[in-house]
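This report describes the fold of one protein model, passing from its strands to its overall composition and then to local details.

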Amino acid sequence: MRQLLTTVFRFLLRHALQFLLFIVILLAGRYLLAEWREFQATSVSISILRQAASTGERHGASLAQAASARLAGLQHASQAAVDTRLSSVREQLHQLHAEPSPSLFTLPLPGASMLAERAQQEAMRRVELEVLSQEARYLTALQAALRGGDARQALLRLHQEHVQAYAALQANLQQQRQLTLAHPLAAHLPGSVAHGQRLALETQEERLRKTNLEAYQQYLLQRARTNHAGKPAPFAIDTPALSAALAPLRQTITAGEAQLAQHWLARWRAPVLEVIPMAALLVLSAILTPLAIKAFFYFVLAPLASRLKPLAIAHELGLDGTRACPPLAPQSRISGVSQALLLAPGDTMLIHPAYLQSSPSGTRKRTQWLLDWSYPFTSLAAGMVALTRITSSEPASVTLSASDDPLMEVAVLRLPIGAALVFQPRGLVGLIFHAPQKPAISSHWRLASLHAWLTLQLRFIVFRGPVTLIVRGTRGVRMEPAGAGRSISQAATLGFSTGVQYSTVRSETFIPYLRGQQALLNDRFDGDGVYLYEETPRHGKQPGKVGSWFEGFTDAVLKVLGI
């Protein structure tokens, strides 16, 4: 019952967490989608307003040019022509003011193509209003100037009439003074001719004074109505005022750009767009560089290495290649799931504890920390540490088997006196030697060989007899004669006798090498001698990118050291 409840609880908890995870994912997706739509709407709105402002500026420039040309033609036109054009301009202004003005300059704009068209129309309407307003003001000034010319002519005429009336009045007064001087008594004596002349002149004076006063009053009234302003200068568009007509549009664009710049998508987009070319170049380099390097290795270096002289370890060690070869087994497969060995008195076995299946209880066992203290790093890297050292004073049967890997098989390889074998310690699990003589192990660097550099095997470790090597191999170990020439995958090679001519050959096809299915070079062995290999190599095949990279790096280091 408890197990059932635990199972049900785990089932419910797992699906409840999954349900909550889906909720979080959906909410996050909805939020990101809304943010993206808002960002896109603002971007589209600003683009529409910029296009409308640009269209308005171009339309305003064309209208200003047309108005300048039109008003230049009216400079010397009649007052009737000016009045007609002014009436037409005022009618256009009335129509433009009567048109409804939609509220387009708000963010974000809700539409697309229709809103763009309407925004352009509104911008054009604003600049038309400004250009027509400036034209109307200029025409009004021109009209006043033309009317002022007629008024000035009338004022001059009335001035002349007043001067004439005043002159007539002064002449009358002069005649009266002369008459009084000529007839001082008769002019005031009723019934006399001089008195009659004086009365006539006084009557004329009264009439002339009235005429002069009326002429003066008409002159003053006309002078008050007369505008003395001259004709205005040639028309020039007021550019700041025309630009101010689109000021609300530009202010909206500025506000939208500020809002867009503060959006987190905009803050991320600029750095991302800045590094995209470099990232694309790096990706392209990551794709093409390995291809170029592999092509160079496959088509240039590998054929060059194939034509070089092979390595002859026996010659460099001063050994007889024929005598240095271990005896060839009747069958190429020399391994088995387990091996039974007879340990003679005086022999010493160093064996990895995981491969020691059974041994007589009378044997003496103790721990030997390293295979050879002369090569501590090699012993550590090959795993030959904390070995079991077995000795016996009488013949003892020891059974060896891989207890931790069902695919691993064990082989026994005896090297007689004079035999020498180049061997990779990674395949070594133990050895047997006759005390007090120690195993003869030596290392040899080949830094001047292109074969060694292409395979990264710059160091060769040689085991010399008499010694018995206990080796391991996945799914079996084989020993074959080199003969006229044999090639094998480098990953499978365990060792070869020093009398063998060692070289490298390029893999047969390029595509498997490019895809990492085959190595660039295979080992080739020629001449008198044998070579050993495991049937299914497993080192260097760690799954996972990080694991494969790390294992590839460590394999390369161990390969350089000949391990």
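## Strand β18 and its partners

Six bridges link strand β17 (residues 501-506) to β18, and the two run antiparallel; strands count as paired if DSSP finds at least two bridges between them. Within this pairing, Val505 stands opposite Asn522 of β18. The model is a predicted one, in which local features need pLDDT of at least 70, side-chain atom pairs count only at pLDDT 80 or more, and totals for chains, interfaces and linings use all residues. Residues are numbered from 1 along each chain as its sequence is written, and side-chain values use heavy atoms, with hydrogens and water left out. Helices (H or I, at least four residues) and strands (E, at least two) are DSSP runs numbered from the N terminus.

Strand β18 also pairs with β15 and β16. Its antiparallel pairing with β15 comprises 10 bridges, and here Ile488 faces Asp523 of β18. Strand β16 (residues 493-497) is joined to β18 by 3 bridges, again antiparallel; Gly495 has Leu532 of β18 as its bridge partner. Strand β18 itself spans residues 521-534 and is mostly covered, with 11 of its 14 residues buried. Buried means under 20% relative accessible area, exposed means over 50%, and partly exposed lies in between (1.4 Å probe, protein chains only).

| Strand | Bridges to β18 | Residue pair |
|---|---|---|
| β15 | 10 bridges, antiparallel | Ile488 and Asp523 |
| β16 | 3 bridges, antiparallel | Gly495 and Leu532 |
| β17 | 6 bridges, antiparallel | Val505 and Asn522 |

Strand β13 is largely enclosed by the rest of the structure, because 5 of its 6 residues are buried. Strand β12 (residues 440-445) is joined to β13 by 6 bridges and runs antiparallel to it, with His444 opposite Phe460. Strand β10 (residues 420-423) pairs with β13 over 3 bridges, also in the antiparallel sense; the bridge partner of Ala420 in β13 is Arg464.

## Overall composition

The protein contains 12 helices and 18 strands. Of its 563 residues, 40% are buried. Among contacts (heavy atoms within 4.5 Å) with a separation of 6 or more, 83% are between residues 24 or more positions apart. The protein exposes about 32100 Å², of which carbon and sulfur atoms supply 61%; such areas come from the Shrake-Rupley method with a 1.4 Å probe, and for residues only the protein chains shown count as cover.

In helix α1 (residues 2-73) lies Thr42, which is buried because its relative accessible area is 5%. Leaving aside neighbours within four places in sequence, Thr42 is in contact with Gly256, Gln259 and Leu260.

## Backbone details

Most residues other than glycine have a negative phi, and most peptide bonds are trans. The peptide bond from Gly465 to Pro466 is cis, with omega near 5 degrees, and Pro466 lies in the loop between β13 (459-464) and β14 (467-474).

Two residues other than glycine have positive phi values. Ala386, in strand β7 (residues 385-391), has phi near 55 degrees and counts as partly exposed because its relative accessibility is 31%. Arg475, in the loop between β14 and β15 (477-489), has phi near 65 degrees; this residue is partly exposed at a relative accessible area of 46%.
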